[in-house]
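Reader: I'm new to this. Could you show me how to read a protein model, one feature at a time?

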Amino acid sequence: MTQSHTPAPAGATPYADLNGVLDQLVARARAVLGDNFVGAYLQGSFAVGDADEQSDVDFLIVTARDVTLAE
């Protein structure tokens, strides 16, 4: 069974602009990957709540199977 995750909630990070980018990232990944999309996850400083305005954003897109050239 594959579990898909919804876009980041409005308050996923304390930065509204970043939340908008994350929402777009998840929506586009889901559109391209279809049923191969499992989820998108923040990593690093944002995941542990230690980020600031200068932090980079680390994320992971998980798929159910290897990504094909068509995807």
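Author: Let's go through a helix, then the salt bridges, then an aromatic pair. Keep in mind that this is a predicted model.

Reader: Which residues of α1 are buried?

Author: Buried means under 20% relative accessible area. In α1 that goes for Leu18, Asn19, Leu22, Val26, Ala29 and Leu33. Looking down the axis of α1, you'd find these buried residues within an arc of 100°, so they line one face of the helix.

Reader: And what covers those buried residues of α1?

Author: The cover includes β1 (37-43), α2 (44-47) and β2 (58-63).

Reader: What phi does the glycine just after α1 take?

Author: That's glycine 34, and its phi is positive, about 60°.

Reader: On to charges. How many salt bridges are there?

Author: Look for a side-chain nitrogen of Lys or Arg within 4 Å of a carboxyl oxygen of Asp or Glu. By that rule there are two salt bridges. In one of them, arginine 65 pairs with aspartate 35, with the closest N and O atoms 3.2 Å apart. Arginine 65 sits in the segment after β2 and aspartate 35 in the loop between α1 and β1, so the pair ties together parts that are 30 residues apart in sequence.

Reader: Which other salt bridge does arginine 65 form?

Author: Arginine 65 also bridges to glutamate 71, where the closest N and O atoms are 3.8 Å apart. Shared partners join Asp35, Arg65 and Glu71 into one network.

Reader: Are those three residues buried or exposed?

Author: Aspartate 35 is exposed, at 60% relative accessible area. Arginine 65 is partly exposed at 41%, and glutamate 71 is partly exposed at 22%.

Reader: Last one: how many aromatic pairs does the structure hold?

Author: There is one aromatic pair. Tyrosine 15 lies in the segment before α1 and phenylalanine 46 in helix α2, so the pair ties together parts that are 31 residues apart in sequence. Tyrosine 15 is partly exposed at 24%, while phenylalanine 46 counts as buried at 13%.

Notes
Residues numbered from 1 in each chain as written. Predicted model: local features only at pLDDT ≥ 70, side-chain atom pairs only at ≥ 80, totals over all residues. Heavy atoms only, no water. Buried < 20%, exposed > 50% of the residue type's maximum accessible area, 1.4 Å probe, protein only. Helix = DSSP H or I, 4+ residues; strand = E, 2+ residues; numbered from the N terminus. Arc of directions from axis to C-beta. Contact = heavy atoms within 4.5 Å. Phe/Tyr/Trp six-rings, centres within 6.5 Å; stacked < 30°, edge-to-face > 60°.
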